[in-house]
Amino acid sequence: MRSRQYGADVLASGRRRPKGSGQREVPAVEAERGLVVEDSEGRFCGAVVGYENGAVVLEDRHGKRRVFPLAPAAFLLEGQPVTLVPPVLLGPAGPAGPARTASGSVAAPAAERARAKVARASRIYVEGKHDAELVEKIWGDDLRDVGVVVEYLEGIDDLPAIVSSFSPGPGRRLGVLVDHLVAGSKETRIAASVRSGDVLIVGHPFIDIWAAVRPSAVGIAAWPDVPPGQPWKEGVLRAIGWPPEVPAAWQRILRSVRSYTDLEPTLLGRVEELIDFVTSPES
């Protein structure tokens, strides 16, 4: 996926459509999500975020969206005219290969997906609402296919009580994803107190699940460092210049995540490990 990082002056005169190009053939470019282009007049620059009725939706650095028809030579890519075409989609047959879920797994046949499934006794817990929404967006289809329910903690301090109430055992496993699971942390101490053969606790090193989303997916160069003692989310929003509204910011981040390629590998491996644990033959 191409970077959505924007330059300092997207409407600078040096980026206008070159004159005198004659009848030169205009190349066709697949409009991959995240591709940054300008309209042919140089009036709007944004990243591809979707499609509506045969047109492409662009979002600029301020979150403003506009819809443009997929007309010939209607866009500029790095200052050069191009014709955007929809990317080749994965399908159930043909050279593109089998249909896949957002996690990259081969999707189950439609008839099988439509069949009601009994939920397993085993469960996966994540630390917060944002974690649960991100897991649902990427692994939701996979989890429904295997009958695994995901719930979220109100906080890591509640974990011992939840494990005790859940009563894990053979055929009733519990997998838990914890934020900021690093050596010497409170989270690590609590996790160690409840681990067992039927309870797997894994974590990622990020202070918040937001940072497990690749910066390029949301159009920033990197997640900023927030000084200790300051609320992390609010500090991030100030640093990147977004409005100071955490719920709206999270929805913007979540919309930017379309597949596993938009997440950091550290998170991907931990979630896959949990799914394997709660769906193993022993569970």
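Leaving aside its neighbours within four places in sequence, with which residues is Ile275 in contact?

**Figure 1. Overview of the predicted model.** This is a predicted model, in which local features need pLDDT of at least 70 and side-chain atom pairs count only at pLDDT 80 or more, whereas totals for chains, interfaces and linings use all residues. Residues are numbered from 1 along each chain as its sequence is written, and side-chain values use heavy atoms, with hydrogens and water left out. The chain contains seven helices and 11 strands; helices (H or I, at least four residues) and strands (E, at least two) are DSSP runs numbered from the N terminus. Of the 283 residues in the chain, 47% are buried, where buried means under 20% relative accessible area, exposed over 50%, and partly exposed in between (1.4 Å probe, protein chains only). The accessible surface of the chain amounts to about 14700 Å², and carbon and sulfur atoms contribute 53% of that area; the areas come from the Shrake-Rupley method with a 1.4 Å probe, and for residues only the protein chains shown count as cover. Among the contacts in the chain with a separation of 6 or more, 66% join residues 24 or more positions apart; contact means heavy atoms within 4.5 Å.

**Figure 2. Packing of helix 2 against helix 7.** Helix 2 (residues 129-146) packs on helix 7 (residues 265-279) at an angle of about 25°, and their axes are 12 Å apart. Axes are lines fitted to C-alpha atoms, for helices over the stretch in contact, and angles run from 0 to 180 degrees between N-to-C directions. Helix 2 is therefore roughly parallel to helix 7, as angles under 35 degrees count as roughly parallel, over 145 as roughly antiparallel, 65 to 115 as roughly perpendicular and the rest as oblique. The crossing of helix 2 past helix 7 is right-handed; a crossing is right-handed if the near helix is turned clockwise from the far one by less than a right angle, and left-handed if anticlockwise. Helix 2 contributes Leu134, Trp139, Leu143 and Val146 to the contact, and helix 7 contributes Leu267, Leu268, Val271, Glu272, Ile275 and Thr279. By class, the residues of this contact are eight nonpolar, one polar and one charged; Ala, Val, Leu, Ile, Met, Phe, Trp, Tyr, Cys and Pro count as nonpolar, Asp, Glu, Lys and Arg as charged, and the others, Gly among them, as polar.

Figure 3. Ile275 belongs to helix 7 and is buried, with a relative accessible area of 10%. Leaving aside neighbours within four places in sequence, Ile275 is in contact with Ile124, Trp139 and Leu143. The C-alpha atom of Ile275 is separated by 9.1 Å from that of Asp142, which lies 133 residues apart along the chain. Gly269 is also found in helix 7, but is partly exposed, at a relative accessible area of 28%. Between the C-alpha atoms of Gly269 and Gly203, 66 residues apart along the chain, the separation is 9.9 Å.

Figure 4. The axes of helix 2 and helix 6 come within 11 Å and cross at roughly 20°. These two helices are therefore roughly parallel to each other. Their contact is made by His130, Glu133, Leu134 and Lys137 of helix 2 with Val246, Trp250, Gln251, Leu254 and Arg255 of helix 6. Four nonpolar, two polar and three charged residues make up the contact of helix 2 with helix 6. In helix 5 (residues 232-240), the buried residues are Trp232, Lys233, Gly235, Val236 and Leu237, and their cover includes helix 2 and helix 6 (246-256).

Figure 5. Phe75 is found in strand 6 and counts as buried at 0% relative accessibility. The C-alpha atoms of Phe75 and Gly42, 33 residues apart along the chain, are separated by 8.4 Å. Most residues other than glycine have a negative phi. Glu78, in the loop between strand 6 (75-77) and strand 7 (80-85), has a positive phi near 55° and is exposed, with a relative accessible area of 69%. Ser167 lies in the loop between helix 3 (159-166) and strand 10 (174-178). The phi of Ser167 is positive, at about 55°, and Ser167 is partly exposed, with a relative accessible area of 47%.
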